[in-house]
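Here's a quick briefing to read with the structure open beside you. Take it topic by topic and look up each spot as you go.

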Amino acid sequence: MKFTLSWLKDHLDTEATVDEIAEALTDLGLEVEGIENPAERLSAFTICRVIEAKQHPNADRLRLCRVEAWVEGERQEVQVVCGAPNARTGLVGVFAPVGTHIPGTGVDLKPGVIRGEASNGMLCSEREMMLSDDHEGIIELPGDAPLGARFVDWLAEHDPARVDPVIEIAITPNRPDALGVRGIARDLAARGLGVLKPHEVKPVPGRFESPIRVQIDPALKEGGCPHFTGRLIRGVRNGPSPQWLQDRLKAIGLRPISALVDITNFFTYDLNRPLHVFDADKVKGNLRIHAAAGGEALVALDEKEYRMPEGVMVISDDSGVESIAGIMGGMPTGCTDETVNVFLESAWWDPIAIAKAGRALKINSDARYRFERGVDPAFTEPGLEAATAMVLELCGGEPSQVVADGAAPVEDRAYRLDTDRVVSLVGMEIPAEEQRRTLKALGFRLEGDMAHVPSWRPDVQGEADLVEEVARIASLTRLEGKPLARADAGVARPILTPMQRREGIARRTAAALGYNECVTYSFIDRESAALFGGGDDATMLENPISSEMSHMRPDLLPGLLQAAARNQARGFMDLALFEVGPAFTGGEPGEQYTEVAGLLVGHAAPRDPHGSRRPVDIYDAKADAEAVLAAIGAPARAMIRRGAPDWWHPGRSGQISLGPKNVLAVFGELHPRVLRALGVKGPAVAFTVYPERVPFPKAKGTTRPALELNDLQAVERDFAFVVDEDVEALTLVNAARGADKALIEWVRLFDEFTGEKARAQMGEGKKSLAITVRLQPREKTLTEKDIEAVSAKIIEKVAKATGGVLRG
C-alpha cells in the first residue's frame, strides 16, 4: 500500500515529519517497507544564476558558463561547461557542486576538464534530478527565485507534488481498513499524531430515473453479492484528469488513463472503495449479477481473454458477460475518450467468492486484493455518492437516481470493554479513560461498557481484540521485560514425559486439520457405554453424580457423539470434533489407556454456488487418522486391514496396524444402530488412534539420524490381474507389497475394470485390478533380470493370495 504525505494530510491534520509518521506506523502494526523522499536526494542542489555564457573555444555545441553559486553557504563564481541549448547569460537554474550525487545518472560529480576547459559542477536538467524525462535543456526558474536557496525548498513551495514523500507499508490480511489512506490516517490520529479531518458524504440527488436497472440472482443475495448499487450519469466529458489527480496516481505507481478511470482508482486507494464505470451506451438492456454457467468468454480491461469457470460471479447485460464481479471490468463496455454516458457501480462482494474466482482466473487486481480481504459493507452506497460528486465536479454531467438491489450486510457486533483485562492480557497499565478514548478514535461506538465494532473492522471478533486495539495504539514498546522466576538455577529439565509430548502433538495436529477440541466427562450412562463394549460392573461408579454418569467411558466416541447430537439439535449440522483423553476397561490404575478420537458429521464443506459440498466419507477419517499417526511418529509402513469393533460399520471400516495384533488406529463409518441410539443424524465417520501403541524410537538421544539419500534409479512396473469380483483390492495390494519388502517401496492401485464389458472380456464373475509397484534399490542398480525376478515373486504372491492371473 503506497500513499504520499500530502495525500495523508488530506485526511489528517498533522505537523509530524515523515520519520515520525513512519516510526508510528510500524509501531501500530502497519510496517513501513520503504520511503521514497525526493527531498533527501535533492538536498545538495541550490538555485544559481548564469553570470555569463559564451561559446566554448574548442566545441561548437558546448558553452562556457560563469555561474554565481553558493557552495556550503558561501557565494562563489565557478566555471561550468554546459551542452544545453538553453544555457544563456542571466538564466536562473539549478546548480550541483562538485561531490554531489546526481540521482538521474548515478554519478558523483568530480572536477573535470572538457575539451581543454575546466568544469567545476553542473547545471542540471529535470531528468538528471529524476523529476521527469525531460532532458532537452537545463531547468529554468523564474527570475525572482532566491539565489543560494535549496532547490528542494523552492519546489516544496511552488510545486510540492514533485517532492512529496511516498510511503509504502505492508498490510496484514486482518487489516483491510488500512488499504485506504483514510484508514491509515485514523490509526495515526488515534496514536496522537494529528487530528482526523471530518469526511461527510452528501447524497447527490438524481434528476431522472436510470434506464439501466440492476438485479442480483437470488442464489447470490445470501452470500456472494448481498448489495449492488449504481446510477447513470449522462453528458460527461471524459478527458485527462486534473494534474493533482495524475500526480497522486503517478506517485504510487499507477498510470493515469482518463478522468473517469482515474476517479475509480483514486477511491480505491483513498477510501478503500473499489468502483467500476461502464460506458452506458455500450450496455445492452439491464445488468444482472449471477454465477457463470461456465465457458463464457470476456476480454477484460487488461486486454486478455478469460473463460469463466462455473460458479464465478459475473455482471451481464442482455448480450452476455460484461464484467468479472469484484475483480476486473470488460473491454466491450470500457470507457474511452468518446464516452458521454456512464453507469457508475458500487457493490459489496463476498471475500471468499472473490478469492476463489481470482485464483481460478489467475487475475491479480487492486479490486480483488481489497474485496477478498474485506471492504466496508456500510460504505457501498455512500461510496457511490462520493464518487458521483467527483465525477460531476471533474467531468460534468447529470446523475440519475440510484438503482440498487439487496442490502448492506452490516453486522452490529458489540463486546464488553473490561478495562482491567489490559494488565492481565498485555501487562501494561493504561487508564480506563484512555482506553475508551482510543476506541472512540478508532471508530468504535461506546454504550456504557459495550463497544460496538465499526463496519470497516471485520477483524475485531471478541473482547480480547478490544484489548489488543487499546494496547496497539498505546504502543507495545511500553512493555517492560520481566524475567520469569525459576525454582532452580540453571537449565531446566524437561517436565513433560514422551507420552505427554505425543498427546500435545496429536492435539495440535487434529486442530490443524480443522477439528474443534472437546473436553467431555469421563462418565456416561450405562446404555451408551454398552454400545461401545462397556457398561459392566467393572466400570460402574459406586456413587455416581447422576444416572447419566453411572459408568466410566469405554471409548471417547460416546462423548463426541453426544456433543454432536446437542449441536445438531441447535442447528449445527456439519461438525468436526476431536478429543484426547483416557478410556477405561475397569476401575484399577492399569485398566485405562489414552485415545485420540475424531468425529466428522454432515458435510465436508459449507454450501456455496460452486458445488464443492459433499458428505463426509470413510476416506476423510482414514486420511486424518494417518495424519495424526504420522505426526506422533508412527512407522510409515503400516497395514490397512479389515476388522473393527461392532460399533463400527462392518463393511465401511478398517484398522491401521503393525502386524495382526498391534492395532494403532481404527477408522470408518459408525454403525447406524449407534447413531440412532445417540440421536445423531448421519452421515458420520470417525477415527480412534491409540498413541500408547505406537513404538517409541529406540535411540533416546537428542541428535537426529543421518539423512539417507538414494542415488540409485527407482523402477516402476505396472501389473493388471484378473481376479474374482469378490476379491478386495487391499488383499491384492498387501500381497504384492509382501513379495519383497526390501526392494518394494510402495504399491498403489490405479485402475479397476468391472461391469458388463469386463465380464464379456474376462469371463463371468471376473474383474481386473491394475497396480503400480515402485522398486527402490539400495546397493546397486537393478538389472532386467533382477526386475523380472521381483515381478515373478509379485505374480506368485498375488496368485496365492487372490487366485488372480495376469491379464493378457
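This is a predicted model: local features need pLDDT of at least 70, side-chain atom pairs count only at pLDDT 80 or more; totals for chains, interfaces and linings use all residues.

Residues are numbered from 1 along each chain as its sequence is written, and side-chain values use heavy atoms, with hydrogens and water left out. Helices (H or I, at least four residues) and strands (E, at least two) are DSSP runs, numbered from the N terminus.

**Helix α14**

- Helix α14 covers residues 463–474, and its 12 residues should span 16 Å at 1.5 Å a residue; the expected span is 1.5 Å times one less than the number of residues.
- The end C-alpha atoms of α14 are 17 Å apart, which agrees with that expectation.
- Nine of the 12 residues are buried, so α14 is largely enclosed by the rest of the structure. Buried means under 20% relative accessible area, exposed means over 50%, and partly exposed is in between (1.4 Å probe, protein chains only).
- Among the buried residues of α14 are Asp465, Glu469 and Arg472, along with Leu466, Val467 and Ile473.
- The cover over those buried residues includes α2 (18–27), α5 (181–191), α12 (421–425) and α13 (432–441), plus the strands β27 (414–416) and β29 (450–452).
- Just after α14 comes serine 475, with a positive phi of about 90 degrees.

**The four-stranded sheet**

- Four strands make an open antiparallel sheet, in the order β40-β41-β39-β42. Two strands pair if DSSP finds at least two bridges between them.
- The edge strands are β40 and β42 (805–806), each pairing on one side only.
- Strand β41 (residues 766–775) is mostly covered, with eight of its 10 residues buried.
- On one side, β41 is joined to β39 (residues 715–724) by 10 bridges, and lysine 766 of β41 is the bridge partner of aspartate 724.
- β41 also pairs with β40 (residues 744–753) over eight bridges, in the antiparallel sense; here alanine 770 of β41 partners aspartate 751.
- β39 and β42 run antiparallel and are joined by two bridges, with valine 722 opposite valine 805 in β42.
- As background, strands of a sheet pair through backbone hydrogen bonds, either parallel or antiparallel.

- Proline 242 sits in the loop between β16 (227–234) and α7 (243–251), and is partly exposed at 25% relative accessible area.
- The C-alpha atoms of proline 242 and valine 391 are 12 Å apart, although the two residues are 149 residues apart along the chain.
- Arginine 248 is in helix α7 and counts as buried, at 12% relative accessibility.
- Leaving aside neighbours within four places in sequence, arginine 248 is in contact (heavy atoms within 4.5 Å) with Ser6, Trp7, Asp10 and Phe266.

**Glycine 206**

- You'll find glycine 206 in the loop between β14 (195–196) and β15 (214–216), where it is partly exposed at 30% relative accessibility.
- Glycine 206 and valine 402 are 196 residues apart in sequence, yet 7.0 Å apart C-alpha to C-alpha.
- Beyond its neighbours within four places in sequence, glycine 206 is in contact with Arg231, Pro399, Ser400 and Gln401.
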